[in-house]
Amino acid sequence: MKRMQLKRFFKLLKLRLMHQKWVAWLVATLRFLRVLLPTRYLKILDWYIIRKFIGTYVFSILLIISIAIVFDVNENLAKFTQFHAPLKAIVFDYYANFVPYFANLFSPLFVFISVIFFTSKLAGTSEIISMLAAGVSFNRLMRPYMVSCLLISALSFYLSGYVIPHGTVIKQNFESMYKNSKKNTSAQNVQLQVDRGVIAYIQHYDDKTKRGYGFSLDKFENKKLVSHMTASEIQYDTISDSKYHWQVSNWRIREMKALREKITYGSKLDTLIMMEPADLVFSKGQQETFTNPELSAYISKQIGRGSSNVVQYEVEYHKRIAASFASFILTTIGLSLSSRKRKGGMGLYLGIGLALSFGYILLQTVSATFAVNADTPPMLAAWIPNLIFAVVAYFCYRSAPN
C-alpha cells in the first residue's frame, strides 16, 4: 500500500514539474514574441503618421493613374476600335497590367510628394512643433516614416520582381494584336556558345514557327575542331516535357579523329542542344518580362556562354533592387525640407519635390545608358541615382530642425 502511494506521489510530482517546465517555456516564448510586436516600438503618434503617409501615398497614386488612364484611352481608342479589341481584353489584359507598371515606375515620385504634402500640413498646423517641444527628437520622428517606407519598398520590390514581368508579357501580346505594335519575331545570323566548346549558328530563325534555317554546330576540344554538323532546318519541340529538344532536318555530321574523318547523314534527327527560342530572338524591353529568378538565371547562362548582350539585363536586375531603396532616401529629403513651418506654405516644397523626383527618374534612365554605351559597371550604373541623392539627403538631414 505504501509503495502504491509512493508511486502515485512521484508520478504527480513528475507531472507537476513537467507542467512547470511547459509554463516556463510558454512564458519565455511570449516574452520573445513581445519583443517582435510592432506595438512595442510604435505608439499612437507613430500610427497617426503612418496612416497619414500611406493614405496620402495611395490617394496620390489613384489620382495620377486615373488621369493617365483617361489620356491613354483618348490616345488609343481609335486603335482599339480599328483592330476590334474586346472590352474584356482592354480591361484585364491591358489596363490591369498598365496600372501596376506605371504606379511602380513613379513610386518614388508618389512617395516624395506624399511626404512633402502631409508633412507640410502637419508643420503648418504646428503639429511638428508640438512634437519637438514635447521632447520627440527628429530621429524619433523619422521612425514612422521609415516603417512606412519599409512597407512601400517591400511592395515595390515584389511588384517589380514577380508580378509586373508576367503582366508585361500579357500587355505586350495585347499591343501586338490590337495596337499594331510590331514585335521582333525573327533573327538573322545568330551565333552563340551553347555549351563549353560548342558553337551554334543559325542563318535565319522565325520565332512564330520556332524554326531555323541554315544551321551548323561546331564542337571544339583543346581548340581543335572535332565535330561539324550542318542541317537545312532546325525545329524546336514545343510539346516536350523538358527543355532543349530540337529536331534537325537534312543533317550531316563530320567527325574528325586524328587523321581520319567520319561522315554520317540523314533526313531527321532528334537531339539535345543547350539553347532555347528566347536565346535567339531579342526584342526591345525583353528584360522587363523576366522575374528576378528568371533574370538571374538568364544572366548567369549568357555570361557562361560569353554573350555580350547581357549588360541591359544586369542593369535591370540591379535597378529593381536599387529602386526599392529610393523611398528611404527621398523620404529623408522630403521630411527634412517640409518639417519647418514656413510662411509661404507647401507650394515651394511641392515644386522642389516634383523637380527632385523627376530628376531621380531621369538620372535612372541616363545611368542605364552609361552602362550600355559607356562600359560603366551595371551595378554602379543602377546605384548612381541613389548614391547622388543619398548625399543630398545627408545634407538635408543635417539642416533639419531638432
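**Entry 1: S107**

I began with S107, which counts as buried because its relative accessibility is 2%; buried means under 20% relative accessible area, exposed over 50%, and partly exposed in between, with a 1.4 Å probe and protein chains only. I note that this is a predicted model, in which local features need pLDDT of at least 70 and side-chain atom pairs count only at pLDDT 80 or more, while totals for chains, interfaces and linings use all residues. Residues are numbered from 1 along each chain as its sequence is written, and side-chain values use heavy atoms, with hydrogens and water left out.

I placed S107 in helix α4 (residues 107–124); helices are DSSP runs of H or I with at least four residues, strands are runs of E with at least two, and both are numbered from the N terminus. Setting aside neighbours within four places in sequence, I found S107 in contact with Y57 and I152, where contact means heavy atoms within 4.5 Å.

**Entry 2: α6 against α8**

I then looked up the packing of helix α6 (residues 138–178) on helix α8 (residues 311–338): the angle is about 155° and the axes are 8 Å apart. Axes are lines fitted to C-alpha atoms, for helices over the stretch in contact, and angles run from 0 to 180 degrees between N-to-C directions. The two helices are therefore roughly antiparallel; the term applies over 145 degrees, with roughly parallel under 35, roughly perpendicular from 65 to 115, and oblique for the rest.

I recorded the crossing of α6 and α8 as right-handed, that is, the near helix is turned clockwise from the far one by less than a right angle, anticlockwise being left-handed.

**Entry 3: aromatic pairs**

I counted rings of Phe, Tyr and Trp (its six-membered ring) as paired if their centres lie within 6.5 Å, with planes under 30 degrees apart as stacked, over 60 as edge-to-face and the rest as tilted. The count comes to 22 aromatic pairs. The pair F80 and Y94 is edge-to-face, because the ring centres are 5.7 Å apart and the planes stand at 75°. F80 lies in helix α2 (residues 44–82) and Y94 in helix α3 (residues 87–105), so this pair ties together parts 14 residues apart in sequence. F80 is buried at 5% relative accessibility, and Y94 is buried at 2%.

I also looked up F325 and W383, whose ring centres are 5.6 Å apart with planes at 45°, so the pair is tilted. F325 belongs to α8 and W383 to helix α10 (residues 378–398), so parts 58 residues apart in sequence are tied together. F325 is partly exposed at 42%, and W383 is partly exposed at 24%.

Ring pairs link F80, Y94, Y95, F98, Y101, F102, F106, F174 and Y178 into a cluster.

I found D72 in helix α2, buried at 12% relative accessibility. Not counting residues up to four places away in sequence, D72 touches Y94, Y95 and F98.

I placed D93 in helix α3 and noted that D93 is partly exposed, with a relative accessible area of 30%. The C-alpha atoms of D93 and I170 are separated by 6.0 Å, although these residues are 77 apart along the chain. With neighbours within four places in sequence left aside, D93 is in contact with K88, I170, K171 and F174.
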